[in-house]
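Hi everyone, thanks for making time this morning.

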Amino acid sequence: MKGKEHIKEIDFIGILKKVFENKKILAVFLIIGAVFGVIVSLVTPKTYQAEVILAPEMSSAGLGMSDKITDMASTFGLDVGGKSTMDAIYPEIYPSVFASTDFILSLFDVPITLKGDSIHKTYYKHIIQDLKPGFWDYPKLWIKKILPQKNDNLTKRGNGIDPFHLTKKEENTVDYIRGAINCLIDQKTSVISISIKDQDPQVSAIMADTLQNRLQAYITEYKTKKARTDLAYYTKLYNESKQEYRHAQQVYASFVDANQDIILQSFASKRDEMENEMQIKYNIYTQMTNQMQNAMAKVQEQTPAFTIIQQATVPNRASSRPRVFTVLIYIIIAFMFDVLWVLFKGNGCSSNKNGKKGNKSSTEVEKTTDSNDVNALPKQD
């Protein structure tokens, strides 16, 4: 009936039968896929991943009932403003800290050594000199060799790195390190998992340990910044008050020693005045000593503690996909191409056959029509 859509059903069993009937073409596709998979697996370098797991210290202020209610509300997308006293640096933004350009640039000068090699070099030179390109990077390298490259004038500035003006090579290195670092935070326990990938297992372990230490230093510097500023201020006041007290003490002692045999009211008044001034200086000196000691205790109190759950170790197994899986993937892709080949070939043959049948039927119709016309002519006597 007109107006009804005809839904074509795909006969998968029939397609598979056609695929396995033509075993030669199937074998050709599978061999090509296997060879291509072997080439890709051999050219693609292995990568190793080292991981560090640590748990930060949770402050007592963050264990209140209001914070728990705020956490429950945040899971439903609600903001009740219960974390107004939270630090600006909290575990949820640690991945953003690792991804920042300033943090990554600080990793360029980290000294590393390759596994089985005693030569020391920086992490930046290791990335530039030792890393092997992947299979899909070779076309880019060939294009770069063929096409003329623009000269980067910033590369002639010396050995220093300007974070405000990065060269193309430095920018690519930053992107590579950013993609190699992975930081995961457990929302319930706040356990931090830091991992980094590299083509050398020992380098990955060294950099994982470096990331752990850098993160601890970064968080400690932030959390103790106010306390260290107060400590520096009170230390300055302590040194000044100590110097002033010592000076007043020397002046008073010199005055008393020089006028021991003089019994005058003016001498007594001057002596009492200098003694009172020395006492004031001493009181200030004592007060600044207490303030400085309190500031030192505050710095120690604000210093966060980290519990290392898992240390960085040199991985023995590669974290990249095994080569056998790569070959199997390309064999499966080759099999899918063979199925598509059978489908298109079958549709083409059927359309050609239908066309031939249509031409044949039209010819027969024409012959039938001609014979009818001949029979329809009047007979002549």
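Let's begin with Leu 340: how exposed is this residue? Its relative accessible area is 41%, so Leu 340 counts as partly exposed, given that buried means under 20% and exposed means over 50%. Please keep in mind that this is a predicted model, and that goes for everything I show you today.

Where does Leu 340 sit? You will find Leu 340 in helix α12, which covers residues 323-376. Leu 340 also belongs to a nonpolar surface patch of about 560 Å².

Is strand β1 largely enclosed or open? Of the 9 residues in β1 (residues 48-56), 7 are buried, so the rest of the structure largely encloses this strand.

Which strands does β1 pair with? One partner is β5, residues 192-198, joined to β1 by 7 bridges. These two strands run antiparallel, and if you click on Val 52, you can look for its bridge partner in β5, Ile 194. Another partner is β6, residues 306-310, which is also antiparallel to β1 and has 4 bridges to it. There, Leu 54 stands opposite Ile 308.

My last topic is aromatic rings. How many aromatic pairs does the structure hold? There are 7 of them. To describe such a pair, we give the distance of the centres and the angle of the planes.

Take Phe 98 and Phe 103: their ring centres are 5.2 Å apart and their planes meet at 80 degrees, so this pair is edge-to-face. Phe 98 is buried, at 3% relative accessibility, and Phe 103 is buried too, at 7%.

Tyr 245 and Tyr 285, on the other hand, form a stacked pair, with 5.7 Å from centre to centre and 5 degrees between the planes. Tyr 245 comes from helix α10 (residues 225-258) and Tyr 285 from helix α11 (residues 265-302), so the pair ties together parts that lie 40 residues apart in sequence. Tyr 245 is buried at 14% relative accessibility, and Tyr 285 is buried at 18%.

Finally, look around that pair: ring pairs link Tyr 238, Tyr 245, Tyr 282 and Tyr 285 into a cluster. That's my tour, and I'm happy to go back to any part of it.

Technical notes:
Residues are numbered from 1 along each chain as its sequence is written. This is a predicted model: local features need pLDDT of at least 70, side-chain atom pairs count only at pLDDT 80 or more; totals for chains, interfaces and linings use all residues. Side-chain values use heavy atoms; hydrogens and water are left out. Buried means under 20% relative accessible area, exposed over 50%, partly exposed in between (1.4 Å probe, protein chains only). Two strands pair if DSSP finds at least two bridges between them. Patches are made of residues with over 30% relative accessible area and no salt bridge: like charges are joined within 9 Å, nonpolar side chains (Val, Leu, Ile, Met, Phe, Trp, Tyr) within 5 Å. Accessible areas come from the Shrake-Rupley method with a 1.4 Å probe; for residues, only the protein chains shown count as cover. A salt bridge is a side-chain nitrogen of Lys or Arg within 4 Å of a carboxyl oxygen of Asp or Glu. Rings of Phe, Tyr and Trp (its six-membered ring) pair if their centres lie within 6.5 Å; planes under 30 degrees apart count as stacked, over 60 as edge-to-face and the rest as tilted.
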